[in-house]
Amino acid sequence: MGVVTFRRDSRISESERYKLRLFASQAGQNIHGLVQQLGLRVDFEYLDDEISAALIYAPNCGSPSGYRIAVNAEHSVERQRWSIAHEIGHFVLHREDPDFTVFCDRESYGEVIPLIPPQGNSHRSSKKSSLEREADAFSASLLMPAYLVRKSINFRVLDIRKLANEFFVSYDAMARRVNELRAVERASSSGQFTAEGGRTAQHIGDEQSLLQSA
């Protein structure tokens, strides 16, 4: 894994794919609406600073799916938005994956225990697993779809700060995305892999399939 191609990813249901396409059709949309549509809920909690968010199986939390996302209440709004998108990626791609660390609420809702010892999946760690990289790729393509970023760049002088504001992401996240897309454009002419995670121009192009029928 490591590359998210939404077009024929069997892990994403048709219903989920439609909702993701709708969200990704416009920059800067309210991610909490998508959370509700996917049957999740978000709780803002005071977590350790190194933990941005976690996907938690919480059958008593009241969400239709039985899952919730705990988000660090002290992080910036832009970082929280990225973290929510990242955990949505885990939800649609990895919740049935045996290699993914799932957390579970005890019967008293809100008291969290891991089902298995944390290994850097829902917890943030310096050494990211392939599942974490895939969730990051998912978050980038959901919040900053390649075709929308390119469209915005084509209509203006490149200004990372303005782009970040338009897509409601951090400056650093947008800078990374623009650099990635530039690398992809260079790779597309040579047919080579990019330096970052072996992602090819075709892989980035497949992100547009969020807006297409499967």
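By buried I mean under 20% relative accessible area, with exposed being over 50% and partly exposed in between, using a 1.4 Å probe and protein chains only. Strands here are DSSP runs of E with at least two residues, helices are runs of H or I with at least four, and both are numbered from the N terminus.

Before I go on, this is a predicted model, where local features need pLDDT of at least 70 and side-chain atom pairs count only at pLDDT 80 or more, while totals for chains, interfaces and linings use all residues. Residues are numbered from 1 along each chain as its sequence is written, and side-chain values use heavy atoms, leaving out hydrogens and water.

Okay, back to E3. It spans residues 67-72, and six of its six residues are buried. Why two sets of residues? Well, in a regular strand the side chains alternate between the two faces of the sheet.

So which strands pair with E3? Two strands pair if DSSP finds at least two bridges between them. Strand E1, residues 42-45, runs parallel to E3, with four bridges joining them. Look at Glu45: its bridge partner in E3 is Asn72. Strand E2, residues 53-57, runs antiparallel to E3, and five bridges join that pair. There, Tyr57 stands opposite Tyr67.

E2 is mostly covered too, with four of its five residues buried. E2 also has two bridges to strand E4, residues 103-105, and those two run parallel. Ile56 has Phe103 in E4 as its bridge partner.

Last stop, the helices. The axes of H5, residues 146-154, and H6, residues 160-167, come within 11 Å and cross at roughly 135°. That makes H5 oblique to H6, because angles under 35 degrees count as roughly parallel, over 145 as roughly antiparallel, 65 to 115 as roughly perpendicular, and the rest as oblique. Axes are lines fitted to C-alpha atoms, for helices over the stretch in contact, with angles from 0 to 180 degrees between N-to-C directions. As for who touches whom, Leu148, Val149, Ser152 and Ile153 in H5 meet Leu163, Glu166 and Phe167 in H6, contact being heavy atoms within 4.5 Å.
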